[in-house]
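Welcome to this short tour of a protein model.

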Amino acid sequence: MGLLSAIFGNGKPEENQQEKQTQKNFEILKYDGIRAHNMNQLAYAAKCLEQASALRDDAETLQYLADTYVKLQRTDDARTTLDKLTGLEPDNIQGYLFLANVCFTQEDYDGMDKACQKAIKLDESNAHAYYLAARAAHGLHNDLQAIVMATKAITQDESFLSAYLLRAEVLWSMKQAKETLEDLDYILNANPEEEDALLLKSTVKATLGETDEAYRCLDLVMETNPFNEKAYLLKGELLCEQKAYGKAIELYTEALELMPQNATFYQERGRVRLLEGDKNGSIEDLKKAIELNPESESQINGTFDNQDTLSGTPNPASIY
């Protein structure tokens, strides 16, 4: 038998050589793909990593491939890749958390929750898993569960400000003003310039009739970040509620000096000018809003129609 093998061969050297070549090809494709990913050459990265993963089941390759797909906005492909990753490594907590984030992007909150629960089962002290589970529960309109999960995240990590903010948002959706403000104050004590916390606090304070404090929060946001669109819109809305139309127009004019291509600011200034009785100025602003964002035309016409119904005046939208 040994003599025959020596003479004719048994195929093993050729098989070993083929295996070595496959491994070499895999490594070339994998590391070329990773380098391309890190250099943001995403199309080439995807091509290399796809070919590498076809040669070998490798967790690192799949993770980079999934991240590449996410950056390319190919979320379905990212999810398929992450399903494969978690199947290959069922104890990979980061894989489940990555999958949960992709599900969130797809607004698949049920799938997101399932991924979070698998991560929590693997590590009951993982604050981020509880936080993502809270976001999933909020997406599923299970706000009590969202509060429970956010609280568990905070219990695991008392410095987890995003969990406090999420819990505050859920509490405010339930109109629990006192508890909402407690969470927001905790955040702002840790980071006085946290923009989302200040914006939510301004909304709560305005609802409670504490307009001076609402304005203070919004002004702080705009001082910290003059390009925060939401701060201008909230302050403009609050000024309109107080019928301070002139101040609202000044505010949107200032905003447009900073962000001249912002169609929403033109639309809002046009709406306020219409409320103040400046129809010509309103028409010019709303024309500009449509020019910058043609999709807003139906909404703008609806604004005109609503004002006309209240005032009994002709519909300026017909000028368009």
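## Cysteines without a bond

Searching the whole structure turns up zero disulfides; the term here stands for a pair of cysteine sulfur atoms within 2.5 Å. In general, a disulfide is a covalent bond that links the sulfur atoms of two cysteines. Take C116 as an example: its closest cysteine sulfur belongs to C103 and is 8.5 Å away, which is too far for a bond.

C116 counts as buried because its relative accessibility is 0%. C217 is also buried, at 0% relative accessibility. On this scale, buried means under 20% relative accessible area, exposed means over 50%, and partly exposed is in between, with a 1.4 Å probe and protein chains only.

## What you are looking at

This is a predicted model, in which local features need pLDDT of at least 70 and side-chain atom pairs count only at pLDDT 80 or more, while totals for chains, interfaces and linings use all residues. Residues are numbered from 1 along each chain as its sequence is written, and side-chain values use heavy atoms, with hydrogens and water left out.

## The protein as a whole

The secondary structure consists of 18 helices and zero strands. Both kinds of element are DSSP runs numbered from the N terminus: helices are H or I with at least four residues, and strands are E with at least two. Of the 320 residues in the protein, 43% are buried.

The accessible surface comes to about 17,500 Å², and 48% of it belongs to carbon and sulfur atoms. Such areas come from the Shrake-Rupley method with a 1.4 Å probe, and for residues only the protein chains shown count as cover. Among contacts between residues at least 6 apart in sequence, 46% join residues at least 24 apart.

## Two helices side by side

Two packed helices are described by the angle between their axes and the distance between the axes. For helix α14 (residues 229-241) and helix α16 (residues 263-276), the axes come within 11 Å and cross at roughly 5 degrees. The axes are lines fitted to C-alpha atoms, for helices over the stretch in contact, and the angles run from 0 to 180 degrees between N-to-C directions. α14 and α16 are therefore roughly parallel to each other; angles under 35 degrees count as roughly parallel, over 145 as roughly antiparallel, 65 to 115 as roughly perpendicular, and the rest as oblique.

Which residues make the contact? On α14 they are E229, Y232, L233 and C240, and on α16 they are T264, F265, E268, R271 and V272. By class, this contact has five nonpolar, one polar and three charged residues. Here Ala, Val, Leu, Ile, Met, Phe, Trp, Tyr, Cys and Pro count as nonpolar, Asp, Glu, Lys and Arg as charged, and the others, Gly among them, as polar.

K235 sits in helix α14 and counts as buried, at 16% relative accessibility. Leaving out neighbours within four places in sequence, K235 is in contact with Y215, L218, D219, M222 and L251. In helix α16 you will find R273, which is buried at 18% relative accessibility. R273 touches I249, D278, G281, S282 and D285, again not counting residues up to four places away in sequence.

T180 belongs to helix α11 (residues 177-190) and is buried, with a relative accessible area of 0%. Beyond residues up to four places away in sequence, T180 touches A168, L171, W172, L200 and V204.

## Exposed residues in the loops

Where is N40? It lies in the loop between α2 (12-38) and α3 (42-55), and it has a positive phi of about 65 degrees although it is not a glycine. N40 counts as exposed, at 54% relative accessibility. K243, in the loop between α14 and α15 (245-258), is not a glycine but has a positive phi of about 60 degrees. K243 is exposed at 61% relative accessibility.

H141 is in the loop between α8 (127-139) and α9 (143-156) and is exposed at 71% relative accessibility. H141 and Y109 are 32 residues apart in sequence and 9.8 Å apart in space, C-alpha to C-alpha. K175, in the loop between α10 (161-173) and α11, is exposed with a relative accessible area of 57%.

Terms used. Contact = heavy atoms within 4.5 Å.
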